[in-house]
2 protein chains.
Amino acid sequence: MSFADRLDAAVMDAGHPLVLGIDPHFDLLPDEFGRARAADASKEERASVVESFCKQLVEIASGRVAAVKPQAAFFEILGAHGLRAFENTVAHAHQHGLLVIGDVKRGDVPSTARAYAQAYLQGEEPSVCDAITVNPYLGADANQPFVDACKQSGRGLFVLVRTSNPESALFQEHGEPPMSEVVAAAVSAWGDGLVGECGFSSIGAVVGATHPAELARLRAKMPRTPLLLPGVGAQGATAADCKVAFPDSKHPWRGALINSSRGIAFAWKRPEHANRSWKDAAHKSLDTTVAELREALELTSG
Amino acid sequence: MSFADRLDAAVMDAGHPLVLGIDPHFDLLPDEFGRARAADASKEERASVVESFCKQLVEIASGRVAAVKPQAAFFEILGAHGLRAFENTVAHAHQHGLLVIGDVKRGDVPSTARAYAQAYLQGEEPSVCDAITVNPYLGADANQPFVDACKQSGRGLFVLVRTSNPESALFQEHGEPPMSEVVAAAVSAWGDGLVGECGFSSIGAVVGATHPAELARLRAKMPRTPLLLPGVGAQGATAADCKVAFPDSKHPWRGALINSSRGIAFAWKRPEHANRSWKDAAHKSLDTTVAELREALELTSG
C-alpha cells in the first residue's frame with residue numbers, strides 16, 4: 001500500500017489533518033526531564049531522558065492524530081546516543097499505530113542521496129520512517145534516488161518548496177517565475193508515477209502556512225501533492241490560513257497536513273495551563289487545536 | 001584561532017589543496033571489510049567494520065592532507081551504530097592532526113538550525129567537526145545560527161552554491177541573475193565578519209569543479225570565500241578546471257580545496273593498482289593526485 005493511501009486513510013480515520021511535531025528542545029522540556037539539559041549529565045543519560053519525553057508524547061498522540069513528525073536535529077545534538085533515541089521514538093510511534101514523517105531535510109548528489117534514502121526510507125527495521133522531508137536545492141537527479149526508494153518501498157517524501165521562516169523568500173522567491181513555483185512544478189512531476197487510489201501522490205511538499213498567498217498559488221501548481229504545512233501557532237499562521245491547501249470540499253481535511261509542535265508538547269508553559277501537568281496540558285491543547293482546525297476547515301468549505 | 005586561519009595554515013603546511021573525502025560506500029570496500037555489506041551481519045558489526053576502514057583511511061591521510069571530509073550519509077545507513085562510527089572517525093582524524101569537514105549538508109528553520117549548529121559546530125567533544133557543509137535553500141535567517149556558531153567557536157561552513165551533479169542547474173541556475181550568483185553574494189556577505197588574518201573567511205562555499213565557467217564567475221562574486229571543489233576525478237573534472245578558483249598567484253594552492261573521495265579510497269579497484277593492497281593503492285593514488293594537482297596549479301600560474 002502506497003504512502004499516499006496509508007496517509008489518506010489515517011487522516012480520514014483521525015477526522016482531521018493535524019500532525020504532531022516532536023521537537024524536543026531541551027530548554028522547553030518540563031522539569032521532570034531537566035537532566036536533558038544538565039551540563040554534568042552524560043550524552044547517554046540526556047538521550048535517555050529525551051527518549052522518555054518523546055515516547056510519552058507519542059502515547060498522547062496515539063489514536064488521535066494520523067502521524068508524528070520527529071525533528072532529527074534535536075536528537076543529533078546528542079550524537080549516536082541521540083540517534084538511538086530518535087530510532088526508539090520512531091519504533092514507539094509505529095508500535096502505537098502512528099505514521100512517522102522523519103523531519104531530516106536531507107539532500108545530496110545522487111550517489112549520496114541513495115545512501116540517505118536507504119537510511120530513512122528502505123529496509124524493514126522499525127526505525128525506518130514512512131516519509132521524510134528532503135531539500136530540493138541539488139536538483140532533479142539528486143532527488144530521484146528518494147523517489148525511487150518511495151516507489152520501491154511504499155514510502156513518501158515531503159520536498160521543501162516554500163519554508164515557514166521569515167526570510168525564506170530570499171532564495172525561494174528568486175526569479176520569474178519564482179523559484180518556489182519552479183520547484184513546485186518539479187515536485188508535482190516527480191510525484192506523477194506515485195499517485196495512490198486516493199488521488200494524491202506519495203511525493204508531497206512542504207509549504208509554510210505563514211505565506212497564505214503563495215500557498216494558494218503553489219497548491220494550484222501541485223494539485224495531487226499532499227502538502228505539509230508548518231507555521232501554524234508559534235510562527236503566527238492560523239488554521240484559516242491553511243484552508244486554501246485543502247482541495248476536497250467534501251472532505252475538508254483531506255490533501256494536506258497541518259503540523260503543530262511546540263503548541264502541544266510545550267502547552268504546559270502557557271498561563272492557561274498553569275494548573276495542569278505537562279501531559280494534561282498537552283492532551284487539552286491537542287483537543288482544542290483539533291477542534292479549532294476542524295471548525296476553521298469546515299466552516300469555510302462548501 | 002579562526003577556522004579560516006587554521007585551514008590556511010594546514011594547506012600551506014601540506015603544500016597542496018587536496019582534501020580526502022571519506023565516503024564508505026559499502027559496495028566499494030575492499031574484501032577484508034566485506035562484512036559491512038553482509039545481509040546477515042548486525043548494524044553494530046557492520047558499523048564497526050566501516051569504522052575500521054575509515055580509521056585506516058585517516059591514517060593514510062595523516063600528515064599528507066590538510067583535512068578529511070567524512071560523508072554522513074554512509075554512516076547514517078547504519079543508524080545510531082553508524083553515527084558512533086562517524087564520531088569515532090572524526091575523533092581519530094583529530095588525533096591524527098587533521099581538520100575535519102563534516103559533509104552533512106544540514107539546513108532548517110532558525111530554531112532547528114541552532115540545534116544542528118550545536119550538534120556539529122559547538123561544544124568541545126572530539127566528535128565536533130571543524131567545519132560542516134550546509135544547504136542554503138531556507139534563506140538568510142536559517143543560515144545565521146550556523147554563522148553565529150562559527151563566530152563563537154572558531155569553526156567554519158561550506159555553503160552549497162553550485163553542486164557537482166549533472167542536473168544541478170535546474171534550480172541553481174534558475175532566474176536572472178542565476179540563483180547560484182544570488183546565493184554566492186549572500187555567502188560572501190555572511191562571511192564578511194569572519195575573515196581571518198590569512199585574508200579568507202571561515203564561511204566557505206561548495207562549487208562543483210564540473211562547471212568551470214560558473215566556477216570563474218562565482219569566484220569573482222566571492223573573492224574572500226574558501227571554495228570546496230568536488231567533482232574532480234570520478235565526476236569528470238580535472239585539476240586544470242579548478243585553477244580559476246585559486247586567486248593567489250604567489251601561492252597557487254591557496255584559497256580553495258579540491259576534494260577526492262573514491263579516486264583515492266577505492267583506487268584498489270583500478271587496473272593500474274591490480275597488484276597492490278588497497279592501502280598501497282590509496283597511498284600511491286594520493287601521491288599521484290597531489291603531484292598532478294600541484295603541477296596543474298603551478299604550471300598555469302603567473
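What we have is a predicted model, in which local features need pLDDT of at least 70 and side-chain atom pairs count only at pLDDT 80 or more, while totals for chains, interfaces and linings use all residues. Residues are numbered from 1 along each chain as its sequence is written, and chains are lettered from A and ligands numbered from 1 in the order in which they are written.

Within chain B, eight strands close into a barrel in the order β1-β2-β3-β4-β5-β6-β7-β8, with parallel pairing; strands are DSSP runs of E with at least two residues, helices are runs of H or I with at least four, and both are numbered from the N terminus. Two strands pair if DSSP finds at least two bridges between them, and β3 (residues 99-106) of chain B pairs with β4 (residues 131-134) of chain B over three bridges. One residue to look at is B:R106, whose bridge partner in β4(B) is B:V134.

Finally, helix α5 (residues 110-121) of chain B packs with helix α6 (residues 140-153) of chain B at an angle of about 30°, their axes 8 Å apart, where axes are lines fitted to C-alpha atoms, for helices over the stretch in contact (C-beta atoms, placed from the backbone, within 7 Å), and angles run from 0 to 180 degrees between N-to-C directions.
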